4 protein chains.
Amino acid sequence: MAGNSFGTLFKLTTYGESHGIAIGGVIDGCPAGLELNLEAIQHDLDRRKPGQSNIVTQRKESDTVQFLSGIFEGVTTGTPIGFQIVNENQKSRDYSHIKETYRPSHADKTYDDKYGIRDYRGGGRSSARETACRVVAGAIAKQLLNNITIQAYTSSVGNLHLNTTYDQLDLSTTDDTAVRCPDAAMAKEMTHKILEVRKAGDTIGGTVTCVIKNVPAGLGEPVFDKLHADLAKAMLSINAVKGFEYGSGFHGATMNGSAHNDLYNEDGTTQTNLSGGIQGGISNGMDIYFKVAFKPVATVIQPQETINKAGEKLTMQGKGRHDPCVVPRAVPIVESMAALVLADHLLRARTSKI
Amino acid sequence: MAGNSFGTLFKLTTYGESHGIAIGGVIDGCPAGLELNLEAIQHDLDRRKPGQSNIVTQRKESDTVQFLSGIFEGVTTGTPIGFQIVNENQKSRDYSHIKETYRPSHADKTYDDKYGIRDYRGGGRSSARETACRVVAGAIAKQLLNNITIQAYTSSVGNLHLNTTYDQLDLSTTDDTAVRCPDAAMAKEMTHKILEVRKAGDTIGGTVTCVIKNVPAGLGEPVFDKLHADLAKAMLSINAVKGFEYGSGFHGATMNGSAHNDLYNEDGTTQTNLSGGIQGGISNGMDIYFKVAFKPVATVIQPQETINKAGEKLTMQGKGRHDPCVVPRAVPIVESMAALVLADHLLRARTSKI
Amino acid sequence: MAGNSFGTLFKLTTYGESHGIAIGGVIDGCPAGLELNLEAIQHDLDRRKPGQSNIVTQRKESDTVQFLSGIFEGVTTGTPIGFQIVNENQKSRDYSHIKETYRPSHADKTYDDKYGIRDYRGGGRSSARETACRVVAGAIAKQLLNNITIQAYTSSVGNLHLNTTYDQLDLSTTDDTAVRCPDAAMAKEMTHKILEVRKAGDTIGGTVTCVIKNVPAGLGEPVFDKLHADLAKAMLSINAVKGFEYGSGFHGATMNGSAHNDLYNEDGTTQTNLSGGIQGGISNGMDIYFKVAFKPVATVIQPQETINKAGEKLTMQGKGRHDPCVVPRAVPIVESMAALVLADHLLRARTSKI
Amino acid sequence: MAGNSFGTLFKLTTYGESHGIAIGGVIDGCPAGLELNLEAIQHDLDRRKPGQSNIVTQRKESDTVQFLSGIFEGVTTGTPIGFQIVNENQKSRDYSHIKETYRPSHADKTYDDKYGIRDYRGGGRSSARETACRVVAGAIAKQLLNNITIQAYTSSVGNLHLNTTYDQLDLSTTDDTAVRCPDAAMAKEMTHKILEVRKAGDTIGGTVTCVIKNVPAGLGEPVFDKLHADLAKAMLSINAVKGFEYGSGFHGATMNGSAHNDLYNEDGTTQTNLSGGIQGGISNGMDIYFKVAFKPVATVIQPQETINKAGEKLTMQGKGRHDPCVVPRAVPIVESMAALVLADHLLRARTSKI
């Protein structure tokens with residue numbers, strides 16, 4: 001109930017603070033017999049890790065995952081998969097300046113409100129470092145999903161919006177740029193924007209769009225655990241996310257039903273896909289697509305006024321090496337959380353019929 | 001795992017099809033000793049029920065809730081609260097025309113895909129009638145929440161957007177109009193729009209905004225069960241919802257961190273509230289607010305081409321008495337789901353500290 | 001978390017007090033496509049109901065189950081199966097004498113300790129009447145289990161022990177006697193004993209043995225949710241149960257390993273079955289068998305000294321029509337709980353392998 | 001659902017195979033603010049570890065626990081407590097002889113039945129080595145339980161039964177003997193018996209009795225999650241356990257109600273305690289006590305006939321250093337599982353009332 005687990009049948013539990021000994025997790029419920037490509041898992045971790053380009057944080061951390069159980073001779077055994085990523089960057093002195101200070105729009109004060117105690121080093125448990133564990137589990141989920149593909153990409157940075165739909169893009173090029181936008185011209189603009197923002201000691205928000213193809217019809221539980229409801233929760237559980245929409249999304253709320261309905265072809269596919277691949281909470285076999293909004297990172301290098309535990313005003317200034325824009329590194333996290341949701345529902349669907 | 005339960009400590013399980021004998025549910029985990037105002041519960045149900053005005057479906061159904069257990073001499077006993085709402089409107093003949101037909105953008109086909117069988121009468125389990133049970137449970141949750149207030153209202157219909165923030169509105173007037181928009185002029189426009197759409201045999205989407213006040217700091221679990229992640233799931237689990245945003249939402253994704261950060265006052269409140277009352281997944285005591293997008297109702301009275309089970313094309317036309325716009329009746333549903341989330345986290349917070 | 005649900009994938013939630021309007025439940029997760037024999041369900045309820053013979057309580061209650069959802073044209077639809085049993089016997093005046101009194105070895109005082117309030121009429125939620133809902137769900141589970149058979153019987157009453165193992169008995173004769181012992185001579189003795197005890201205004205304990213045949217190998221989760229651990233919990237959750245043993249049980253604790261080990265035949269069956277059909281928490285295809293101990297019913301007609309809420313001593317005397325021995329009516333309850341465990345693990349086993 | 005988690009609010013998830021890199025776990029839901037005595041945790045681990053005396057396995061393994069998260073400056077932070085115990089003893093060659101062989105009364109064949117694959121080294125996940133993680137979590141739970149004491153001891157080995165009740169024993173002397181029987185004369189006999197059995201290349205079963213004192217009234221959920229039902233499941237989930245009884249247990253099934261009822265004193269305590277401290281599934285403040293039956297260890301050094309995967313008969317002989325009697329090392333495991341159940345219900349009880 002303390003909320004460190006995700007999923008029902010394919011279930012991830014994570015632990016770890018940003019500056020503790022290690023972060024890690026347990027995947028329970030991965031079926032036996034899955035031959036794992038461990039390189040693919042590390043590859044997804046590398047897509048998330050700090051220091052990978054000049055538009056992300058310059059912290060250096062190798063983020064190497066070590067598997068401790070549940071895999072025998074390269075194949076999952078059905079028993080829990082324990083894994084860990086050792087924290088190489090545990091210098092707690094960097095953070096002594098925030099021990100008594102509540103950084104604006106961080107979780108410092110709310111953790112104190114909730115727990116009465118907090119590991120203040122680097123954000124502790126509230127650090128986005130925790131998402132590395134999600135990427136490990138998501139990368140395994142992707143392999144379970146087999147030919148279902150999950151592709152996310154940066155669809156906006158600040159006011160720079162990619163005004164093409166996903167089907168007009170070559171998503172195989174997403175990783176060609178550090179900003180992970182599959183439109184070369186826009187990628188250039190976004191990169192420029194992020195560098196500009198960094199130079200100003202500021203940060204900027206953005207959105208990630210995600211597309212899931214080859215989903216079999218019939219995934220999702222119809223009432224509370226609608227497939228898109230679980231996707232929404234998955235996305236909103238990622239640090240810095242402020243919004244989620246799928247299919248026609250907020251724009252759909254402006255439309256008429258006669259225009260919004262997806263008419264059928266004779267083969268059961270639909271002529272349009274404003275439904276976003278899900279009807280009544282259950283996948284219909286069309287592409288699932290959704291968009292996730294990320295606020296700008298709260299740690300800015302500009303001086304800001306804030307308070308300390310005692311309620312006294314003081315001026316603080318972000319130190320260290322923070323992301324000017326979280327979106328490029330969020331792309332694999334979005335994919336991972338989507339993969340966890342899909343893997344869970346793929347297993348759940350096995351019990352829908354006798 | 002079949003997804004008909006919501007919540008962890010304050011938990012609702014629902015059952016029932018739109019044209020079965022009854023719909024109902026079980027609330028497990030409501031603490032003992034809560035003196036219930038049963039009229040307030042029925043009042044919320046009445047806000048949701050069909051036939052309440054000329055801009056909603058003209059179906060007549062009294063939607064009277066009957067409590068079967070868990071309440072003794074007006075007070076909750078801590079044991080499960082069973083309840084039911086008898087379906088008065090069980091004429092299955094009305095729906096024979098859709099027995100073999102898949103209505104566009106409904107769940108007919110996906111239910112068949114998932115289960116291989118479906119109660120086709122009036123949408124069966126996929127009918128929004130199920131949400132009446134959520135309103136019953138939500139109304140009880142509201143009473144548990146005590147002085148936490150949850151107020152939702154219609155913030156847009158089609159392209160008619162209420163361009164004022166919630167704090168500029170008198171939310172006590174929401175129910176003064178059938179459309180539930182607390183701005184009289186806009187309410188008039190919206191009502192006109194809905195009547196126009198109905199006349200055309202069409203439907204229209206809209207948004208509901210919800211504000212939660214007096215939330216104690218410290219609610220929410222920090223990783224997967226962030227307070228806003230649970231709100232997102234709650235909202236996306238409501239029929240016809242396509243999107244969710246809280247605090248600065250999608251707009252926040254266009255902003256810079258220096259502008260987005262909520263600076264502290266000395267008393268721990270914040271000068272702005274782009275965070276939407278939640279930081280790091282935990283409430284900070286400021287107002288929680290969010291917006292929910294509803295697509296237009298899929299049942300239109302205009303003729304549409306579709307297919308049947310055999311994959312043959314045919315033309316169908318919506319019959320019966322459907323909502324031209326789901327939003328006015330969705331207002332109490334949004335509030336109810338928010339109340340369920342808050343009640344659950346209020347109880348969960350009791351175990352955060354020794 | 002309030003503990004009114006049982007199972008994970010095949011999940012029963014119950015509600016209801018003995019003297020409320022109705023008791024009932026929701027079965028979530030029953031796969032779609034199961035053609036239900038409703039008579040068989042009512043038949044199991046009749047095996048549990050009061051008044052069925054002269055050795056059980058003489059209360060009259062028809063215990064007729066009504067299904068409210070989840071079944072369409074006789075077949076499960078995969079949506080939750082709501083059901084209820086109306087309480088015909090709601091005379092609360094019978095119980096006014098216990099409003100302020102704590103009956104010895106009942107749950108009166110502990111309910112007050114826990115909740116600070118209690119529906120004192122007839123035991124309220126602590127009444128074994130709640131088990132009728134388990135029988136409904138168990139009877140559906142039995143049908144899902146197909147050719148797995150679950151047969152329980154009375155194996156002792158007081159010191160009258162059936163000293164034959166289950167394979168020496170004809171279990172098809174269990175219901176031939178009201179006491180449900182499949183050995184005619186012993187059944188006679190037991191019946192005599194119960195009538196004697198009743199006459200003395202007393203009650204007596206006993207045991208139920210249960211045998212499950214045709215279980216496929218591979219059911220059960222190996223660590224915490226071992227098949228026998230879930231059976232143990234299921235049995236101990238039944239009112240009045242004090243003990244559980246499976247396979248060699250407590251006797252096995254006196255044995256040497258060389259004698260206890262079940263040696264294999266070439267076909268993978270075992271020559272003996274001290275393991276009780278389960279090894280490492282997973283079924284091995286041999287018969288599962290276990291024994292459940294029931295204490296004597298606490299309500300005795302003899303006068304007893306006790307206390308009231310104020311801590312004052314007083315003498316009370318059981319009124320009404322109570323069971324002199326709970327075991328005969330417990331037989332279908334034991335079977336039902338076993339069926340719920342098996343059905344749940346049958347579904348869980350569907351995700352063990354890719 | 002794969003069954004590697006235990007508890008609801010105080011929840012342990014474990015991972016690890018006996019001959020993998022490490023075993024470990026995550027404790028989620030331990031409230032913040034608990035000052036941990038780490039030595040006490042290691043002390044309980046040492047009570048369980050192999051090689052501690054001449055009547056247990058002579059394997060040497062230090063079983064040192066390392067905490068990775070959730071503890072800051074010696075105090076729990078409310079975030080998940082990750083921990084691991086590195087396997088020092090990973091020589092897989094010792095087990096090559098069982099790769100294709102199914103050992104009698106082990107889980108070799110059932111794991112293959114369930115998963116189609118198995119880490120055969122030392123029993124893999126089915127090894128009782130997994131219980132070390134339970135001891136870590138249980139030792140933390142004990143500290144959360146504060147002045148509730150949990151004391152287990154060896155109450156029988158084979159046919160040597162300790163025929164005194166727990167209140168006649170000085171439980172502080174339990175650990176004075178390697179066999180953990182708090183009766184010096186009986187301890188001597190038991191030790192002799194175990195050494196004799198070991199010499200014969202055989203093994204022997206036994207029982208553990210456990211007493212829990214100072215439990216506040218009101219713990220336990222009344223229907224499916226009765227306090228004793230959760231204790232039963234906890235105990236049956238321990239390797240080699242075949243039975244559980246609490247309070248009057250199986251003997252209670254032979255008694256009359258008039259003799260079995262626990263009459264009240266004026267202060268609400270009871271004159272006798274055949275109820276075992278629990279009534280209606282809820283603790284009543286009296287001592288909770290129960291007994292657990294352990295079968296003899298299946299690995300015997302004597303040659304035994306068995307089969308291999310191909311179904312061919314062969315003779316095998318246990319190698320290595322196995323426990324002749326599991327009971328002495330099981331004592332801390334029983335305590336730990338009891339502590340997990342109590343800690344969970346202690347937290348659950350926080351939401352029983354408004």
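1. Two residues are said to be in contact when heavy atoms lie within 4.5 Å of each other. The structure discussed in this note is a predicted model. By the contact criterion, and leaving aside neighbours within four places in sequence, Arg134(A) touches residues of its own chain and of chain B. The partners in chain A are Leu12(A), Ala234(A), Ser237(A), Ile238(A), Ser336(A), Met337(A) and Leu340(A). Those in chain B are Val223(B), Phe224(B) and Lys226(B).

2. Where does Arg134(A) lie, and is the residue buried or exposed? Arg134(A) belongs to helix H3 of chain A, which covers residues 131–145. Its relative accessibility is 0%. Buried means under 20%, so Arg134(A) counts as buried.

3. The contact between chain A and chain B deserves a point of its own. In this interface, 106 residues of chain A are in contact with 106 residues of chain B. The size of an interface is often given as the accessible area lost when the parts come together. For chain A and chain B this buried area is about 8100 Å², with 57% of it on carbon and sulfur atoms.

4. Polar and charged groups also take part in the interface. Between chain A and chain B there are six salt bridges. One of these joins the side chains of Asp230(A) and Lys233(B), with an N to O distance of 2.7 Å. Across the interface of chain A and chain B, 43 residue pairs are in polar contact, counting pairs with both residues at pLDDT 80 or more. On the side of chain A that touches chain B, the residues comprise 38 nonpolar, 45 polar and 23 charged.

5. Strand pairing also links the two chains. Strand S12 of chain A (residues 241–246) pairs with S12(B) in the antiparallel sense, over three bridges. Within this pairing, Gly243(A) has Glu245(B) as its bridge partner.

6. Strand S12 of chain B, residues 241–246, runs antiparallel to S15(B), and five bridges join them. Here Gly243(B) stands opposite Ala293(B). Strand S11 of chain B (residues 206–213) is likewise antiparallel to S15(B), with seven bridges between them; Thr209(B) is paired with Lys291(B). How many of the seven residues of strand S15 of chain B are buried? Six are, and the strand, residues 288–294, is therefore described as mostly covered.

7. Chain A contains an open sheet of five strands in the order S1-S2-S3-S7-S4, with antiparallel pairing. Strand S1 (5–6) and strand S4 (65–67) stand at the edges; each has a single partner strand, so one side of each is left without a neighbour in the sheet. S4(A) is joined to strand S7 of chain A (residues 81–86) by three bridges, and the two run antiparallel. Phe67(A) stands opposite Phe83(A) in S7(A).

8. Ala240(A) is not a glycine, yet has a positive phi of about 80°. Ala240(A) is found in the loop between helix H5 (227–236) and S12 of chain A, and is partly exposed, with a relative accessible area of 25%. Asn146(C), also a residue other than glycine, has a positive phi near 60°. Asn146(C) sits in the loop between helix H3 (131–145) and strand S9 (149–157) of chain C. Why is Asn146(C) counted as exposed? Exposed means over 50%, and the relative accessibility of Asn146(C) is 64%.

Methods:
Residues are numbered from 1 along each chain as its sequence is written. Chains are lettered from A and ligands numbered from 1 in the order in which they are written. This is a predicted model: local features need pLDDT of at least 70, side-chain atom pairs count only at pLDDT 80 or more; totals for chains, interfaces and linings use all residues. Side-chain values use heavy atoms; hydrogens and water are left out. Helices (H or I, at least four residues) and strands (E, at least two) are DSSP runs, numbered from the N terminus. Buried means under 20% relative accessible area, exposed over 50%, partly exposed in between (1.4 Å probe, protein chains only). Two strands pair if DSSP finds at least two bridges between them. Buried area is the accessible area (1.4 Å probe) that two parts lose on being put together, summed over both. A salt bridge is a side-chain nitrogen of Lys or Arg within 4 Å of a carboxyl oxygen of Asp or Glu. A polar contact is a pair of N or O atoms within 3.5 Å; within protein, one must be able to donate a hydrogen and the other to accept it, and residues adjacent in sequence count only if both atoms are side-chain atoms. Ala, Val, Leu, Ile, Met, Phe, Trp, Tyr, Cys and Pro count as nonpolar, Asp, Glu, Lys and Arg as charged, and the others, Gly among them, as polar.
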